[in-house]
Amino acid sequence: MATNIVWHKSSVGKLHRQELLQQKGCVIWFMGLSGSGKSTLAYALCQALYSRGKLTYVLDGDNVRHGLNRDLAFKVEDQAENIRRIGEVAKLFADASIICIASVISPYRKDRDACCALFPEGDFIKVFMDVPLQICEARDPKGLYNFARAGKIKGFTGVDDPYEPSLNFEIVLPEKGNNITSPYEMAETVISYLEEKGYLRA
């Protein structure tokens, strides 16, 4: 890290942006296996919050690899750097008082914990898509599990690479004992949490 740099402070701060947008910035970090519904729910949540007049931005794992992270592969060290960069961008959005919605597999606990450490307490909201591997593999919307089983993709999470669950989450979806499975209904669960914690007001 460079040492000959200085942080320039703006006269317009986080509280000013909160007042302007009438919301508080945070990151909602959707995690889980490929095919668990992270991206579908992320965009459903984005739409639901937009309809309430709230400003959000989705950082989708695949989309980010089209630009910012296009130089990264899927090796362990590249996955760690992928998550680090997404975490830093999410931090900027949250500081801008935007509700950032990140949809990334993020299989390793230490990488998620490092992202969480970037944020003030409570502003990194972990949402675990608790969908079993067999269901994710049956869905296989991108055909990736088939490729992994055929040996065409190496180090695929859930097949020949582990997924390390977090030790705690703010939200687990779908909720146990609840028949709600629609992305828009699950989005309402997240919105209820945001309302309760005060993120939807200045």
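**Ground rules.** I am working on a predicted model, where local features need pLDDT of at least 70, side-chain atom pairs count only at pLDDT 80 or more, and totals for chains, interfaces and linings use all residues. Residues are numbered from 1 along each chain as its sequence is written, and side-chain values use heavy atoms, with hydrogens and water left out.

**Helix H4.** I took helices (H or I, at least four residues) and strands (E, at least two) as DSSP runs, numbered from the N terminus. H4 covers residues 76–95, 20 residues in total. I get 29 Å from its first C-alpha to its last, close to the expected 28 Å. The expected span is 1.5 Å times one less than the number of residues.

Next I listed its buried residues (under 20% relative accessible area; exposed is over 50%, partly exposed in between; 1.4 Å probe, protein chains only). Among them are Asp78, Gln79, Asn82, Arg85 and Gly87. Ile83, Ile86, Ala90 and Ala94 are also on the list. I note that residues three or four places apart on an α-helix point the same way, because a turn has 3.6 residues. The buried residues of H4 pack against helices H1 (14–21), H3 (61–64) and H5 (109–116). They also pack against strands S1 (26–31), S2 (56–60) and S3 (99–103).

**Asp111.** I found this residue in helix H5. Asp111 counts as buried because its relative accessibility is 10%. I then checked contacts (heavy atoms within 4.5 Å). Beyond its neighbours within four places in sequence, Asp111 touches Ala80 and Ile83.

**Ala48.** This one sits in helix H2 (residues 38–51). Its relative accessibility is 8%, so Ala48 is buried. Setting aside neighbours within four places in sequence, I see contacts with Glu188 and Ile191. Pro120 is 72 residues from Ala48 in sequence and 25 Å away, C-alpha to C-alpha.

**Cysteines.** I searched the whole structure for disulfides (cysteine sulfur atoms within 2.5 Å) and found 0. For Cys100 the nearest cysteine sulfur is that of Cys26, 8.6 Å away. Cys100 is buried, at 0% relative accessibility. For Cys115 the nearest is the sulfur of Cys116, 8.7 Å away. Cys115 is buried too, at 2%.

**Record check.** An unreviewed UniProt entry places "domain: APS kinase" at residues 24–173. Such annotations may be inferred rather than shown by experiment. Over that stretch I noted 39% helix and 17% strand, with the end C-alpha atoms 23 Å apart.
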